[in-house]
Amino acid sequence: RQIVDELARDPDEKLTPTGASRELSVMFVDMRGFSTLSEPMTPEAVVRMLNIYLGAVADALSGAGATIDKFMGDSVMAFWNAPLTDEDHAERAVRAVLTVEQAIAAVGERLVAQGLPRVEARIGVNTGPAYVGLMGSEERLNYSCVGDSVTLAARFEGLTRYYGTTNLIGETTARWVPDGHVAIDIDRVVVKGRTAAATVSTVLPAGDEAESFKAVMTALRGAYLKQDWDDARSHCAALSALSVKTVETARLAAVYHFRIEDLAGKRLPEDWDGNYEALTKEGDPPLI
């Protein structure tokens, strides 16, 4: 209602019907394993599960000041800083990562009580310039955003499966991590369809678990970039032994272990920078 009231005062300015370039923070939320979960369910049960899940995600996003762009099956796209200006949009987006994760965890009991499966989700967030406004045909318009930064947010969500994290955020977003949150660098990756590498981080609530994970990941990344393969292997073992609620540490360790074994026997160029090139939207599964 608050957004509608603001739009009604000046729709031409706020809705930018001819489009406008603006820095946005964009989030994609996708249910984990939807196809597998829904396969044995009746269509009615699938719709009931989706509505409960999407309702929880939408409420969390609305409470975080996001503009919900669209629902795409089991996915949600949302953004900040349009149509209403929000100077703290990146910080709000980071806060929303944990808020959405908490909302999905809380709705799990409600789903189970109705005989439905408990659900989990993956989240990708990126901040950068985008083109926002009314888009579509003469018969049907949608207020949405497009651009490379938007595509990156979607790619980050897809790559959570590869790294075994529940969320990934871009480097610009990570500069605005508020108190009570910790952003931990996971990798530098060239996503499918791009040539430039981007740093991806995962957001955790501040605390001992986050600090332990950050220390191991920093040491692992440092050894990996220095091509100190023996040291990197030892940090992989330490990472695999960690218990982090929102990270499949054994999978993340396997990602790096596979790369280390592949690179250790090669003569690398002097300008090797350790960047990973993802050949698919979801990365390439490591050999475990």
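Predicted model: local features only at pLDDT ≥ 70, side-chain atom pairs only at ≥ 80, totals over all residues.

**Helix 8 and its neighbours**

I started with helix 8 and helix 9 (residues 229-241): their axes come within 8 Å and cross at roughly 155°. The cut-off for roughly antiparallel is over 145 degrees, so helix 8 counts as roughly antiparallel to helix 9. I noted the crossing of this pair as left-handed.

Next I looked up who touches whom. From helix 8, the contact uses Phe-213, Val-216, Met-217, Ala-219, Leu-220, Ala-223 and Tyr-224. Facing them in helix 9 I found Trp-229, Asp-231, Ala-232, His-235, Cys-236, Ala-238 and Leu-239. I sorted the contact of helix 8 with helix 9 by class and got 12 nonpolar, 1 polar and 1 charged residues.

Then I moved on to helix 10 (residues 249-264). Helix 8, which spans residues 208-225, packs on helix 10 at about 15°, with the axes 12 Å apart. Roughly parallel means under 35 degrees, so I put helix 8 down as roughly parallel to helix 10. I have this crossing down as left-handed too.

Which residues of helix 8 meet helix 10? I listed Phe-213, Met-217, Leu-220, Arg-221 and Tyr-224. On the helix 10 side, I wrote down Leu-252, Tyr-256, Arg-259, Ile-260 and Leu-263. The class count for helix 8 with helix 10 came to 8 nonpolar, no polar and 2 charged residues.

Note on methods. Residues numbered from 1 in each chain as written. Heavy atoms only, no water. Axes fitted to C-alpha atoms, helices over the stretch in contact; angles between N-to-C directions. Helix = DSSP H or I, 4+ residues; strand = E, 2+ residues; numbered from the N terminus. Parallel < 35°, antiparallel > 145°, perpendicular 65-115°, else oblique. Left-handed = near helix turned anticlockwise from the far one by under 90°. Contact = heavy atoms within 4.5 Å. Nonpolar A, V, L, I, M, F, W, Y, C, P; charged D, E, K, R; others polar.
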